[in-house]
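Thanks for coming. I have one structure today and will go through a few residues of it. Please look at the model first.

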Amino acid sequence: MTQEEDPKVAAADEDVVDNGAENEEAEGGEDLGADGSAPGAAAAKKKKKKKKKKKKTASGHTKGTPTQKAEGRMLTEGSFTDYYVTHGQTEPPSIPVVNLFRGDEETTTSSVPPFPVGEIQPHPLESNSHRISSEELRHNERLEANLYDKLRHASEVHRQVRHYAQSFIKPGIKLVDMCERLEETNRKLVQEHGLERGIGFPTGCSINHVAAHYTPNVGDDTVLQYDDVMKVDFGTQIDGRIIDCAWTVAFNPKYDMLLEAVKEATNAGIKAAGIDVRLCDVGESVEEVMESYEVELDGKTYPVKCIRNLNGHSIGPYQIHAGKSVPIVKCDDQTKMEEGEIFAIETFGTTGRGYIVEDLECSHYMKNFNAPHVPLRLPRSKKLLGHINKTFGTLAFCRRWLEREDGGSFTVNGNKGKQEKYMGALKNLCDVGIVQAYPPLVDVKGSYTAQYEHTLVLRPTCKEILSRGDDF
């Protein structure tokens, strides 16, 4: 991992003595004590106290205690939106996460912690029972320390950004303002540097019957309402290693059973996943939990259904969908998960028909990972493709980013990256198969959809749920 040099200097704990009142000469002819001290000096000495400085992180910021209780529905009890202050982060967060932690391979003092490890679970199946204690497999993991550092780095950025977002996502906020605030924090904490590190994909904020792939385009003034059910889905990447994680925001308690169904179904999918596990078995586990729930809305009871044509997926370097799909319903896919693979386990539940279609105005685009070489005749298409290649590569992007002054990356383009009159060129790139459009995915209008998602890596000895936090 190539990173800019940062001041990872550990501040040693110090005991600071409060000197209190200093011994002074007696005034006005007062008698001195036997040791030559003024009256009361002995008492002053007794009052001297030692005060410990609060621990500081490598960035020099003092660690604090979180105080802002998370109010979001279905977040874990005891979650705080400012949890990151325990790591020396500011409130609001502004310090690049790399300045707060170290990689496992870095030589440093013990006072600088490594990037936090995700939740550890054993691999299912009897054939994997030896893995957790295998010295050979532990050795294999040590060889992958650099990869795990990148994944944990990106995961911690995601955790801090989403905790902060949970403090300001409330009814009345414009979705475009929400996305831009979240994305700016993401860029700041990951220390955005073009393709080397940055945002993994556009912030999804799909509402109600819209299940996925919606983010506001410029001019979209949609406002979040109290009765909305919104899926917040965003990513962070370090050297192309993407953390894909999502949760559902709702304010009205009548949606609690819908959110709980999807959250627990996701956890069931995570528990079922592992080396040599068939993808169909993961889907069956998800469906069994999801469809055991029902939700009552305005006097009518709806069964919670899996959206059967939405799936989790494997993740590769700079490739959000790397080839394997993780179903969320029972199916016949006998493909097995393999050691070393990275998966996004995501589930979608709905009160609708359980099947989505593409609809509404498109905002998400991505260059095809295996895009064909096609001669382009239009100069604007060539110009736009050049911009996409250097700014996003094969990572997803949105129209809103193309219209920023930096065109999606200040590091790459400065303030001269804004794309003008690009829609014709973008359509041309889609028509010839270089770029793929990803319109919003919607269930029947009037229904409500929910989503939860975590990224995990199948380590040789165990599986690590990288994006797990104290929130969900």
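Asp244 touches Phe201, Asp233, Phe234, His313, Ile315, Ile320, Ala344, Glu453, His454 and Thr455, leaving out residues up to four places away in sequence. Contact here means heavy atoms within 4.5 Å. This is a predicted model, where local features need pLDDT of at least 70, side-chain atom pairs count only at pLDDT 80 or more, and totals for chains, interfaces and linings use all residues. Residues are numbered from 1 along each chain as its sequence is written, and side-chain values use heavy atoms, with hydrogens and water left out.

Where does Asp244 lie? Asp244 is in strand β7, residues 241-250. Helices (H or I, at least four residues) and strands (E, at least two) are DSSP runs, numbered from the N terminus. Asp244 is buried, with a relative accessible area of 4%; buried means under 20% relative accessible area, exposed over 50%, and partly exposed in between, with a 1.4 Å probe and protein chains only.

Next, His313. The side chains of Asp244 and His313 make a polar contact at 3.2 Å. By polar contact I mean a pair of N or O atoms within 3.5 Å; within protein, one must be able to donate a hydrogen and the other to accept it, and residues adjacent in sequence count only if both atoms are side-chain atoms. His313 sits in strand β11, residues 312-314, and counts as buried at 4% relative accessibility. Its contacts beyond four places in sequence include Lys324, Glu346 and Glu453.

Glu453 belongs to strand β19, residues 449-458. Glu453 is buried, with a relative accessible area of 0%. Among the residues it contacts, again leaving aside neighbours within four places, are Asp233, Asp244, His313 and Glu346.

Now the annotation. UniProt, in an unreviewed entry, gives the feature "binding site" at Asp233, Asp244 and Glu453. These span 221 residues in sequence, yet no two of their C-alpha atoms are more than 8.3 Å apart, so they gather at one spot. The lining of the largest pocket includes Asp233, Asp244 and Glu453.

UniProt also lists Asp244, His313, Glu346 and Glu453 under "binding site", unreviewed entry. That set spans 210 residues, with no two C-alpha atoms more than 10.7 Å apart, so these residues also gather at one spot. Asp244, His313, Glu346 and Glu453 are in the lining of the largest pocket. UniProt positions use the numbering used here, feature names are shortened, and annotations may be inferred rather than shown by experiment.

On the pocket term: on a 1 Å grid over the protein atoms alone, a pocket is an open set of points where a 1.4 Å probe fits, with protein on both sides within 12 Å along at least five of seven lines, and lining residues have an atom within 4 Å of a point.
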